[in-house]
Amino acid sequence: MNILTAERLSKSFGMKKLFEHLSFSINEGDRIGLIGVNGTGKSTFLKVIAGAEPADEGSIAVRGGVRIEYLPQNPPFDDDATVLEQIFSGRTPLMQLLRDYEAVVNRLEHGDTDSGLQKRLLELTGRMDAEGAWQLENEAKRILTKLGIDDFDARMGSLSGGRRKRVALAGALIRPADLLILDEPTNHIDTETVDWLESYLAKSKSALLMITHDRYFLDRVAGRIIELDQGKLYPYTGNYSVFLEQKAERMAREQASEEKRQNLLRRELAWIRRGAKARSTKQKARIERFEKLQDAAPDAAPDAMDISLAGARLGKKVIELNEVGKSYEGRTVIRSFSHIVQRDDRVGIVGPNGAGKSTLLKLIAGRLTPDSGMIDTGPTVKIGLFSQENEELNEKLRVIEYIREASEQVRTSDGEIVSASQMLERFLFPPAAQWTPIANLSGGEKRRLFLLRILMEGPNVLLLDEPTNDLDIQTLTVLEDYLEYFPGAVLVVSHDRYFLDRTVDTLLVVEGDGEIGHHTGNYSEFRDRMKDAEAKESSAKESKPAADSRTSPADGRPKEKALKFSFKEQKEFEEIDGKIAEAERELHEVGEAVSACGADYEALAKLTARQQEAEAALEHLIERWTYLNELAERIEQQKKG
């Protein structure tokens, strides 16, 4: 049954027409993936469908009683709200009831002695019973835990950007909806959590409309694909794999049609050049047909992105890590790690959020200094670090100014000299867009521009930290092809399973306790080996006799070593929130000092160095917070079990 119908939707952004006269419908149970190049208007299209932004033209009809839940790329937050208050921020009476209950409980837990609170708590408890709200609250906490959020009373203002996005995702999943609209839901979550989200959405009864670059996710969740291409919407029935087949067929049909049109055009043009006598009716009709053939030319498709750039020569010695160690606030992030990076290496770095993956890349890049051990970099090595944060992207500049800062021109792999403007065109920034202020670009366009800046500098060792976040599938496909022939070493941190399978042949697995394991093969092969090992371990436990001295006489299960905080960890657990708040205040103060520095370049250099140290300290405090809360949860689960 149809739940939403959009008719002839049009939307422009300034002088740019994003889409025109689009019609579209959603039925109950639909699982729809929306794809397209960054900057084509995908996120705007979702906003219009969700009612968060009006269309310039057209209409949207929603069936009566249908509830829509929308997760934007950058969701709004109340910094003073707790995690649970943010989760229950919907407008329905049930969400209001849950907010009221959590607010009263929070006041009582913080020592409020107002005599009316207990009476109010009894009233709300009765209403919670009547509305069946306890199950919803428990489900909210379960989903938050699955997404790596354990402190339900933490203030939203104290969380990192990635954790805020995960809280927003949990809120969208928990609030009752007939249509769930998600914009890049897999950003900022690790591979295990993506697996869980796939399973959760597969069981959900809500219709789903989503933007994601995760091709395995699309393959396993989507039943329909719609492609937004140059303002038009192309529908495909099936998952991502079926879409690829159907799109290839569509492109072949369009090419055949265009070739036929060109042949007719050439014949008509030859006739006209022979000197048509335009006085006869038949000749006039033929000239009109020629003009119609000219007008029938299809919209020019954007050129395929070309990034076949030549890198600097790389010698035999690349990078050697010898017994490298790094700690923050008493936590060992990397423990005595040794590794040799070879010239043609393709290495993926995986592990849970907060385990230290980005720290390892920054150590290799020289952005951080190890506490112990040594990192020896070869004399010909030129590192390009594509970080998560676009931290070197100056949004005050225009697009072409930013690229010209790196180089006015660059040599491609086939020896051609290409200007900065020409490279921008190859990266899908036409001349008209090259003088656009960077601040006006979409998130994906900024990532694409930042990638070009890194490659324009001609690196021969590429360090990529979550390169798939916010990049569209077309850009990712070309990047994957480029990395296959890149004449140097590549190390990549990613949660995108498809990207890892296509680009790496070795994995470094950061365990979260400072240990880093080494596995040969891509990500899918690694997961298969891990599943086989878990199955064998489970089978071995089941086959142990009940009388084994290592088993409990009651149920024959192995005794599990009791988990507990050390004295130092307990003290750190109690103080970590305050330390994070202090680190954030310091970073804010340094940022203000940098802004006020003016032309005092000596002071600016000192402040910038201090700012980088403060950012690193905050990042590892957050990593430590993650570890301590995960340990606290495991301790609690063990007590209950």
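User: Is S407 buried or exposed?

Analyst: Buried means under 20% relative accessible area, exposed over 50%, and partly exposed in between, with a 1.4 Å probe and protein chains only. S407 has 18% relative accessibility, so S407 counts as buried. A word on the source: this is a predicted model, where local features need pLDDT of at least 70, side-chain atom pairs count only at pLDDT 80 or more, and totals for chains, interfaces and linings use all residues. Residues are numbered from 1 along each chain as its sequence is written, and side-chain values use heavy atoms, with hydrogens and water left out.

User: Where does S407 sit, and which residues does S407 touch?

Analyst: Helices (H or I, at least four residues) and strands (E, at least two) are DSSP runs, numbered from the N terminus. S407 lies in the loop between α12 (399-406) and β15 (409-411). Contact means heavy atoms within 4.5 Å. Setting aside residues up to four places away in sequence, S407 touches A420 and M456.

User: What about A365, and which helix holds it?

Analyst: A365 belongs to helix α11 (residues 357-365). Its relative accessibility is 22%, so A365 counts as partly exposed. Beyond neighbours within four places in sequence, A365 is in contact with I383, L385 and L463. A365 and L463 are 98 residues apart in sequence, yet their C-alpha atoms are 7.6 Å apart in space.

User: How many residues of α11 are buried?

Analyst: The count is 8 of 9, so α11 is largely enclosed by the rest of the structure. The buried ones are K357, S358, T359, L360, L361, K362, L363 and I364. Just after α11, G366 takes a positive phi of about 85 degrees.

User: Which residues of α5 are buried?

Analyst: In α5 (133-146), the buried residues are A133, L136, E137, A140, I143 and L144. They cover an arc of only 125 degrees around the axis, which puts them on the same side of α5; the arc is that of the directions from the helix axis to the C-beta atoms. That buried set packs against α2 (83-87), α3 (93-109), α4 (115-131), α6 and α7.

User: What span should α5 have?

Analyst: The expected span of a helix is 1.5 Å times one less than its number of residues. For the 14 residues of α5 that gives 20 Å, and its end C-alpha atoms are 20 Å apart, which agrees. G148, which follows α5, has a positive phi near 85 degrees.

User: How do I read empty space?

Analyst: Rolling a probe the size of a water molecule over the atoms shows where empty space is left. On a 1 Å grid over the protein atoms alone, a cavity is a set of points where a 1.4 Å probe fits but cannot get out, while a pocket is an open set with protein on both sides within 12 Å along at least five of seven lines; lining residues have an atom within 4 Å of a point. The second largest pocket has a volume of about 1,300 Å³. Its lining has 44 residues, with D190, E192, G351, P352 and E630 nearest its centre. Helix α19 gives the most to that lining, 7 residues.

User: And how many cavities are there?

Analyst: The structure holds 1 cavity of 30 Å³ or more. About 60 Å³ of space lies in the largest cavity, and the residues lining the largest cavity include L34, K42, H213 and D472.

How values were computed. Points joined across faces, edges and corners; volume = space filled by probe spheres on them.
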